[in-house]
Amino acid sequence: MSVMTVTGKVRSDSLGWVLPHEHAFIDLRRLVPAVSEISRKRLAQEQVSLANFGKLMRNPYAVLDNAVIDDEKVVRDELLKFKKAGGTTFVDLTLRDIGRDPALLAGLSRELDIKIVAGCGYYINKSHPGDMDRKTVEDIADELLNEIRHGMDGTDIKAGVIGEIGTSEIIYPNEKKTLIASAIVQKETGLGLHVHTDLYATNGYEVISILTEHGAAAEKICINHIDVDLKMDYIKDLLHLGAYVEFDNFGKEFYADRRDRSVLRGPFCRDIERVKAIKQLIDWGFLSKILLSNDVCLKTCLHSYGGWGYDHVLTNIIPMMKDEGITAEQIQTIMCSNPAEFLDDGKD
């Protein structure tokens with residue numbers, strides 16, 4: 001049983017402590033809606049600093065610089081902190097339309113001796129390339145298969161997971177096309193399939209329906225971002241359909257009020273609320289279907305800019321989980337066994 005990393009295949013039982021949904025390098029700036037007021041335009045052009053950190057806790061996209069992580073030295077230092085905290089595998093779900101760089105990932109993997117798994121596919125409608133309307137399901141499926149079997153972006157570095165496939169508040173035609181292609185590829189390869197869903201919607205039902213109708217295995221689907229606006233009945237429904245659910249916003253406790261609603265449209269849950277929800281799901285019998293990560297995609301998520309870093313889950317959340325009565329064995333299942341099972345391609 002194996003998993004493809006950016007430096008080659010490894011056994012799935014060698015992954016250790018896994019962050020199943022992260023971004024080492026990413027650029028979301030062109031997805032941030034433009035502002036019209038002079039004061040907001042001026043703020044948008046600033047660099048992330050202590051002077052605007054408070055504003056970014058209310059609206060993390062108020063400063064465009066916050067929406068890009070591109071400093072190799074900073075990322076190296078942040079990944080090293082993850083490793084020193086006990087982390088061993090890092091799943092990078094940055095797609096080419098938002099800044100994927102397989103060569104940089106492979107270099108960091110070798111230098112730091114961290115396993116890195118890279119994703120493939122297309123993100124949300126706003127990020128799609130200009131020729132997306134012309135692409136057929138078959139075209140997209142062939143692209144994904146090529147990245148999995150031969151390499152990404154002109155390299156021989158292969159993708160080891162599908163996603164994060166993007167869906168929006170509504171599922172646009174090109175997003176549906178990508179979901180169908182991803183389902184075809186999932187069936188053929190056995191890879192895990194991550195799906196980004198709108199933070200406040202309940203599109204997981206439709207996503208799972210589309211994917212399974214086109215051949216994807218429900219037990220290889222993960223619905224991301226269910227921990228921004230916790231809806232426990234919705235989460236339980238997704239689990240009953242056989243999919244994984246992912247708590248992947250640890251460290252993000254934003255509140256976008258009505259003055260600042262653009263990318264975000266309301267509050268984020270607090271970390272302690274996420275932990276309590278995980279405990280509830282465990283008590284309901286869903287221990288084996290939970291994934292847990294930080295989804296670092298903003299500068300202010302990193303230690304270097306005042307955040308908690310990639311090691312936040314290992315350093316801070318695991319003690320919170322223990323305080324809430326989640327056992328060490330259950331934590332190891334969530335952080336080690338579950339992602340290994342999800343990522344395993346079922347091949348020797």
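**Salt bridges, sheet and helices in a predicted model**

The count comes to 21 salt bridges in this predicted model.

Colleague: How far apart are the closest N and O atoms of the salt bridge between K73 and D77?

Modeller: K73 and D77 both belong to helix 3, residues 72-84, and because they are four residues apart there, about one helical turn separates them. Such a pair counts as a salt bridge when a side-chain nitrogen of Lys or Arg is within 4 Å of a carboxyl oxygen of Asp or Glu. For K73 and D77, the closest N and O atoms are separated by 3.1 Å.

Colleague: In which helix is K276, the salt-bridge partner of E324?

Modeller: The closest N and O atoms of E324 and K276 are 3.2 Å apart. The pair links distant parts of the chain, 48 residues apart, with E324 in the loop between helix 10 (312-323) and helix 11. E324 is partly exposed at 25% relative accessibility, and K276 is partly exposed at 45%. K276 itself is in helix 9 (residues 271-283).

Colleague: Which residues do salt bridges with shared partners join into one network?

Modeller: R96, described above as the partner of E143, is partly exposed, with a relative accessible area of 36%. Salt bridges that share partners extend beyond this pair, and the residues joined into one network are R96, R100, D131, K135, E143, E147 and D153.

Colleague: Which strands stand at the edges of the open sheet?

Modeller: The sheet consists of eight strands in the order 3-6-7-8-9-10-11-12, and their pairing is parallel. From one strand to the next, the twist averages 25°. An edge strand has a single partner, so one of its sides is left without a neighbour in the sheet; this holds for strand 3 (18-22) and strand 12 (290-292).

Colleague: Which residue of strand 12 stands opposite F247?

Modeller: Strands of a sheet pair through backbone hydrogen bonds, either parallel or antiparallel. Strand 11 (residues 244-247) pairs with strand 12 in the parallel sense, over three bridges. The residue opposite F247 is L292.

Colleague: What angle does the direction of helix 7 make with that of strand 10?

Modeller: Helix 7 packs on the sheet and touches both strand 9 (193-196) and strand 10 (221-223). Its direction makes an angle with that of strand 10 of about 165°.

Colleague: Are helix 7 and helix 8 roughly parallel or roughly antiparallel to each other?

Modeller: Two packed helices are described by the angle between their axes and the distance between the axes. The axes of helix 7 (residues 204-213) and helix 8 (residues 232-240) come within 10 Å and cross at roughly 10°. G204, Y205 and I208 of helix 7 make the contact with Y234, D237 and L238 of helix 8. Since angles under 35 degrees count as roughly parallel, the two helices are roughly parallel.

Colleague: What is the omega of the cis peptide bond from G163 to E164?

Modeller: Most residues other than glycine have a negative phi, and most peptide bonds are trans. E164 lies in strand 8 (residues 161-166). The bond from G163 to E164 is cis, and its omega is near 15°.

Colleague: Is D295, a residue with a positive phi, buried or exposed?

Modeller: D295 is not a glycine, yet its phi is about 50°. This residue lies in the loop between strand 12 and helix 10. Buried means under 20% relative accessible area. Because the value for D295 is 6%, D295 is buried.

Colleague: What is the relative accessible area of D345?

Modeller: D345 is found in the segment after helix 11 (328-343). Leaving aside neighbours within four places in sequence, D345 is in contact with S2, K9, T189, G190 and L191. D345 is buried, and its relative accessible area is 10%.

Key: Residues are numbered from 1 along each chain as its sequence is written. This is a predicted model: local features need pLDDT of at least 70, side-chain atom pairs count only at pLDDT 80 or more; totals for chains, interfaces and linings use all residues. Side-chain values use heavy atoms; hydrogens and water are left out. Buried means under 20% relative accessible area, exposed over 50%, partly exposed in between (1.4 Å probe, protein chains only). Contact means heavy atoms within 4.5 Å. Axes are lines fitted to C-alpha atoms, for helices over the stretch in contact, and angles run from 0 to 180 degrees between N-to-C directions. Angles under 35 degrees count as roughly parallel, over 145 as roughly antiparallel, 65 to 115 as roughly perpendicular and the rest as oblique. Two strands pair if DSSP finds at least two bridges between them.
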